Amino acid sequence: MQIATTLAYLVAALLFIVGIRRMRDPATARIGNVTSAIGMTIAVVATLFQVEELLSLPAIGVGVVAGSAVGAISARRVQMTAMPQMVAAFNGVGGGAAALVAFVEFYRASVLGLAEESVVADLAILLGILIGSVSFAGSIVAFGKLQEIFLTGSIAFPGQKAVNAIVALAILVLGGLVIAGASVPEPIVSVSIILALSLALGVLLVIPIGGADMPIVISLLNAFTGLAAAMSGFVLSNYVLIISGSLVGASGTILTRLMSSSLGRPLGGIIFGAVAAASEDEDDDGEEKSTRSVGAEDVASLLNYDAESVIFVPGYGLAVAQAQSAMAELAKVLEGKGKDVRFAIHPVAGRMPGHMNVLLAEADVPYDNLYDLEDINEVFDETDAVIVVGANDVVNPSAREEGKSAISGMPILDVDHARTVVFVKRSLSPGFAGVDNPLFYDEEKTMMLFSDAKTGLEEIVSSIKNS
Amino acid sequence: MDAATLLAQLTVFLLAVVIGFELIARVPSLLHTPLMSATNAIHGIVLVGAIVAIGSPGSLLTQILAFVAVFFGAVNIVGGFLVTNRMLDMFKAQGGGSKGKR
């Protein structure tokens, strides 16, 4: 039986790898997901044959059925705009499960004497508890922020870094005592305190992080949960856990690095509170700068008669206003008139990596019309009109100036290279980074359509249709 | 745990990390959200650990904690895969490749 289970684990691990491999192309991605799901089913069923205490089978059944029901219902109900918090929630429960498994193993070995203790196992257990709990607590906070229930925005308090350092140090010291085999305090007491402190650390690390940095937090927590699962694999000497956990850890790490370079900020700066530095508003001179405010019919006539190539730049504001379909509709109308229409997607356009692509796919925008930053930036030079909806920081030319503002160094979409730029925006308020956009005041190039994203786009569509 | 086992496990761990990096680096940013959601479901594999934990001899406390872990793991797996599937359905529905601009 042991050999059969091990072989089943091997097959499962291979299926995970093939499944992720198939995610490279939209055409095969869905089969890839099914492949991974089959691998998961094989691994779980094979594990049932390993259960020593047959009396626990009913409990396993109840837990799996109840968990599956909760998972399935939330997966069906969630809105695509709410995907980041959904991922955060699943991530949190995964991390919590990993921490619990590690804690249970420690309790069995240390208190009940039912498992072997070793330095390596202890180390893996401690890491599993630490990483899993940080991921659990951090994900809950991230969920709350994204769902806008609690702890929204960036929360900072004096001495935050010192508190974090003390908590981390306490975890290190207690962990060291456990591994060294100290009997005072009792190991299980130390480990319980470590569990509690790790939960606190998870909260402390995520509360100072504000809206625009959320994609990074989500990817990072994903990597953490993967690592925590890998650690429980070391604890249980279970290869499928080690392999799958490290696959996920690697993927989360890559996406995290990608996101932080898209924001033009080092990862360390985001995690360890560069946020506070950017909060002071030095540009508050109260000077009224003028803009060229236009109506929907002006934009319509621009698009109708004076633009052959159009690029849409959707930002998170578009999703907030639920205006994806209105934008897709406008794109369709323009394409019907033989115009060249594209969409430029900044890597941090949504609240998690690639989020905007999903939102536009939901609105039936063909995915080969969606362009990355690198692919689209050279096209702006020869573009007649750019329509920016609900985005600000990612098209702000002041990001190109060194060290001047909070967004300096962030790669942006070069919309100012196009002939005309239209902003659909409710007001002149700056974006998340709080940096004013000089492009708003370029009365030659820029048209400001002050309106709700959805209403504005719908008005443009109807006035094009009526002309 | 003997040294040979640990070494074998570390080898597997490192190789899996390398494969992970290779696999993910080639996924286009278009699919990053479904990708993350799929890998998110894959770390639900910790359910395997939770089942082993609840199925091993222990006390009432370990049974209760492991039960919670089983529940969490199942939420993670089923929710993760279903929601990924929902997203990818939207990419599939378009048929794709009609314009071939790239």
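Helix axes are lines fitted to C-alpha atoms, for helices over the stretch in contact, and the angle between two of them runs from 0 to 180 degrees between N-to-C directions. With that in hand, here is part of a predicted model.

**Two helices**

Take helix H13 (residues 324-336) of chain A and helix H16 (residues 453-466) of chain A. Their axes come within 9 Å and cross at roughly 25 degrees. Angles under 35 degrees count as roughly parallel, so H13(A) is roughly parallel to H16(A). The crossing is left-handed.

Which residues meet? On the H13(A) side they are Ala326(A), Met327(A), Glu329(A), Leu330(A) and Val333(A). Their partners in H16(A) include Leu457(A), Ile460(A), Val461(A) and Ile464(A). The residues of this contact divide into 8 nonpolar, no polar and 4 charged.

**The sheet**

Chain A also has an open sheet of 6 strands, with parallel pairing, in the order S3-S2-S1-S4-S5-S6. S3(A) and S6(A) stand at the edges. Each has a single partner strand, so one side of each lacks a neighbour in the sheet. On average, neighbouring strands are turned by 25 degrees against each other, direction ignored.

Strand S2 (residues 340-345) of chain A pairs with S3(A) over 3 bridges, in the parallel sense. Ala344(A) stands opposite Tyr371(A) in S3(A).

**Helices on the sheet**

| Helix | Strands touched | Angle |
|---|---|---|
| H13(A) | S1(A), S2(A), S4(A) | about 175 degrees to S1(A) |

Notes
Residues numbered from 1 in each chain as written. Chains lettered and ligands numbered in written order. Predicted model: local features only at pLDDT ≥ 70, side-chain atom pairs only at ≥ 80, totals over all residues. Helix = DSSP H or I, 4+ residues; strand = E, 2+ residues; numbered from the N terminus. Parallel < 35°, antiparallel > 145°, perpendicular 65-115°, else oblique. Left-handed = near helix turned anticlockwise from the far one by under 90°. Contact = placed C-beta atoms within 7 Å. Nonpolar A, V, L, I, M, F, W, Y, C, P; charged D, E, K, R; others polar. Pairing = 2+ DSSP bridges.
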